[in-house]
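Subject: Structure handover

Hello,

Here is the structure I promised to pass on. Please open it next to this email; my notes follow below.

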Amino acid sequence: MKAVIATDLSAASEATIETETCLECLGRIGIEEIHLVTVIPSNVHAGMPGMDFEGRRERALERYRKVIEGAGFDVESHVVRGTPHRRIRGIAETIGASMTIVGSRGKSPLENRVIGSTARNLARTSETPLLVNRIERGVDEPEIVRKHLFQRMLYATDFSENADRAFDAFSYLRHAAKEATLVHVETPKDPGLPEGEDPRQRLEELADQLEEWGIDTRIEIRRGDPADEILDVETEYEPTTTLVGSRGHSRLRRLLLGSVSEDLVARANGNVLLVPPPHVA
C-alpha cells in the first residue's frame, strides 16, 4: 500500500512526519511506500528576491525522507507548484495511493471551528481515504494529539452504502486496532434503515465481525443531531481515530461532504479517517 503525506513544512507537518508511533501505525496497516508532497502555491513566484522556495523545500523534504526511510518505508518526494489540495489529490490519484494524510491544528478559536483550507478542501474532493491527523494548538513544538492512530477506533454509520464502504477499511485497520466503538444516531431526517429493521442488530453483526478479528467492540445507539451525538461519544470514549464515510446529497456528491462528515472533520478532538464515495466518471 502507498500513502501520501502532505506537508507545508510547518511545525504541525513536522509533528505528523516525525512521530515514530504514527509511522509504526502506518506500517502495521500495510503501508510500505510513502510519498512526501509539498506544494508551492501558484501566487508565490520563483523570482522573488532572496527566495529559494524549491531549494528550501527540497532540503526540508530530504530531512523528512531520512526519518521515514529510517522507519523502514520506501520514500519519494515531490515539490510541485499549483493549488495545494488539487496537486496533492492529483499525485495521490496518479500513484494509486491508499491513503492521504494531512496534519491539522484542530479546533480554531473561532466559534464555528474550521480546519485549515488545504485539509478542508482535501476532505471535500479527495477520492482516496483521507486521514486528518490532529495536532496540538497553541504551542511552538506541537505533537500529535492521538499518536496510536488506529488503536481505538470510533466508527459512525448511518447504514448507507458509503458507510459500509468505510467499515471495509477495517480489513487493514484491524492489524493496528485493539478496540472499537460502533455508533448509529437515529434521526427522523435520515432513518438509515428500512422500516422494521433493527439498528442494534445491524451494529451487533458488525461488532461480531470485529470481534472475530480480535478487536474488543462496544455499540452505541443515540438519538438527536448526528454530528453532536457522535462527538459526544468521541468525548466519552476518547478514540484515537474516528472513521466515517462521506456522502453528498446531489449529483456532485463526490465533490461535497455530507454535513455530518464535515462537522466531524472540523470539530473532532482526535484524528478523523474519511472514506469518500467511489469515483464517479
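Which residue stands opposite Glu33 in β2? It is Lys2. Keep in mind that this is a predicted model.

**Strands**

Lys2 belongs to strand β1, residues 2–6. Four of the five residues in β1 are buried, so the strand is mostly covered. Strand β2 spans residues 33–41 and pairs with β1 in the parallel sense, over five bridges. β1 also runs parallel to strand β4, residues 99–104, and four bridges join these two. In that pairing, Val4 stands opposite Thr100 of β4.

**Cysteines**

Cys22 is buried, at 2% relative accessible area. Cys25 is buried too, with a value of 2%.

**Nonpolar cores**

The largest nonpolar core has 44 residues. Among those with the most contacts inside it are Leu26, Met99, Phe150 and Leu173. Leu173 touches Ile29, Phe150, Met153, Leu243 and Leu273, leaving aside residues up to four places away in sequence. There is also a second, separate core of 29 residues, including Ile91, Val102, Ala123 and Val272.

**Salt bridges**

The structure holds 10 salt bridges. Here are some of them.

- Arg28 and Glu24 meet through their side chains at 3.9 Å, N to O. Both lie in helix α2, residues 20–28, four residues apart, about one turn of the helix. Arg28 is partly exposed at 43% relative accessibility. Glu24 is partly exposed as well, at 38%.
- Glu62 and Arg65 form a salt bridge at 3.6 Å, N to O. They sit three residues apart in helix α3, residues 53–70, again about one turn. Glu62 is partly exposed, at 36% relative accessibility.
- Glu220 pairs with Arg222 in a salt bridge, with the closest N and O atoms 3.1 Å apart.

Arg222 counts as buried at 17%.

Best wishes

Methods. Residues are numbered from 1 along each chain as its sequence is written. This is a predicted model: local features need pLDDT of at least 70, side-chain atom pairs count only at pLDDT 80 or more; totals for chains, interfaces and linings use all residues. Side-chain values use heavy atoms; hydrogens and water are left out. Buried means under 20% relative accessible area, exposed over 50%, partly exposed in between (1.4 Å probe, protein chains only). A nonpolar core is a set of buried Ala, Val, Leu, Ile, Met, Phe, Trp, Tyr and Cys residues joined through side-chain atoms within 4.5 Å. Contact means heavy atoms within 4.5 Å. Two strands pair if DSSP finds at least two bridges between them. A salt bridge is a side-chain nitrogen of Lys or Arg within 4 Å of a carboxyl oxygen of Asp or Glu.
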